[in-house]
Amino acid sequence: MNHLPEPTRVVQLPDGTHVYADQMPATFQGPQVVHQHIHQAAPDRTVQRLALGSGVGAGAVAAGVYFGPLLIAALTAIAANFVFLAFLALILGWGVHTVVKSIGGSHGEAAVKNVGKAAKLARRRR
């Protein structure tokens with residue numbers, strides 16, 4: 001006849017502590033429900049996640065991660081160059097206009113009037 005008590009099972013709680021199964025807190029009794037929150041992927045990673053889900057290789061995903069921002073940077077640099085060139089053309093045009101008007105004599109004044117008339121005519125045609 002065995003007079004020893006029945007062994008008690010030891011359980012590890014999610015926080016890492018160990019307790020006896022018969023002394024577990026009431027919050028840990030019964031089945032535990034796992035709440036899973038699904039969030040939308042960030043806009044710059046959506047294509048990569050879709051690519052991974054559809055079986056595209058890691059090389060294609062790496063290329064998308066690398067060349068995506070590179071393409072945006074290149075397009076931004078091109079746009080900045082166009083803005084700079086337009087500003088430069090505006091300044092140079094204004095400078096030529098001023099020089100022709102100031103030192104051109106009667107021919108310069110006539111040229112400025114003709115350009116002004118052409119600009120007005122072009123605005124009316126729109």
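Visitor: In which helix is Ala111 found, and is Ala111 buried, partly exposed or exposed?
Guide: In this predicted model, Ala111 is found in helix 3, which covers residues 105–125. A residue counts as buried under 20% relative accessible area and as exposed over 50%. Ala111 has a relative accessibility of 34%, and because this value falls in between, Ala111 is partly exposed.

Visitor: What distance separates the C-alpha atoms of Ala111 and Val100?
Guide: Ala111 and Val100 are 11 residues apart along the chain. In the predicted coordinates, the separation of their C-alpha atoms comes to 8.3 Å.

Visitor: Which element of the protein chain has the highest mean pLDDT?
Guide: The protein chain holds three helices and two strands, arranged along the sequence as β-β-α-α-α. The average pLDDT over the chain is 75, and 63% of the residues score at least 70. Among the elements, helix 1 (residues 46–53) has the lowest mean, at 60, whereas the highest, at 88, belongs to helix 2.

Visitor: Which residues make the nonpolar surface patch, and what is its area?
Guide: The patch is made by Leu71, Leu75, Ile78, Phe82, Phe84, Leu85, Leu88 and Leu92. One of these residues, Leu85, lies in helix 2, which spans residues 58–103, and Leu85 counts as partly exposed at 48% relative accessibility. Patch residues need over 30% relative accessible area, and the area of this nonpolar patch is about 810 Å².

Visitor: How is the aromatic pair of Tyr66 and Phe67 classed: stacked, tilted or edge-to-face?
Guide: The structure holds one aromatic pair, formed by Tyr66 and Phe67 with 4.9 Å from centre to centre. Ring centres must lie within 6.5 Å to pair, and planes over 60 degrees apart count as edge-to-face. Because the planes of Tyr66 and Phe67 are 80° apart, this pair is edge-to-face.

Visitor: What percentage of the residues in the protein chain is buried?
Guide: The accessible surface of the protein chain comes to about 11,300 Å², with 65% of it belonging to carbon and sulfur atoms. Tyr66, with a relative accessible area of 53%, is exposed. Of the 126 residues in the chain, the buried share is 7%.

Definitions and conventions. Residues numbered from 1 in each chain as written. Predicted model: local features only at pLDDT ≥ 70, side-chain atom pairs only at ≥ 80, totals over all residues. Heavy atoms only, no water. Phe/Tyr/Trp six-rings, centres within 6.5 Å; stacked < 30°, edge-to-face > 60°. Buried < 20%, exposed > 50% of the residue type's maximum accessible area, 1.4 Å probe, protein only. Patch = residues over 30% accessible without salt bridge, like charges linked within 9 Å, V, L, I, M, F, W, Y side chains within 5 Å. Areas by Shrake-Rupley, 256 points an atom, 1.4 Å probe, with all protein chains shown as cover. Salt bridge = Lys/Arg side-chain N within 4 Å of Asp/Glu carboxyl O. Helix = DSSP H or I, 4+ residues; strand = E, 2+ residues; numbered from the N terminus. pLDDT = per-residue confidence, 0-100.
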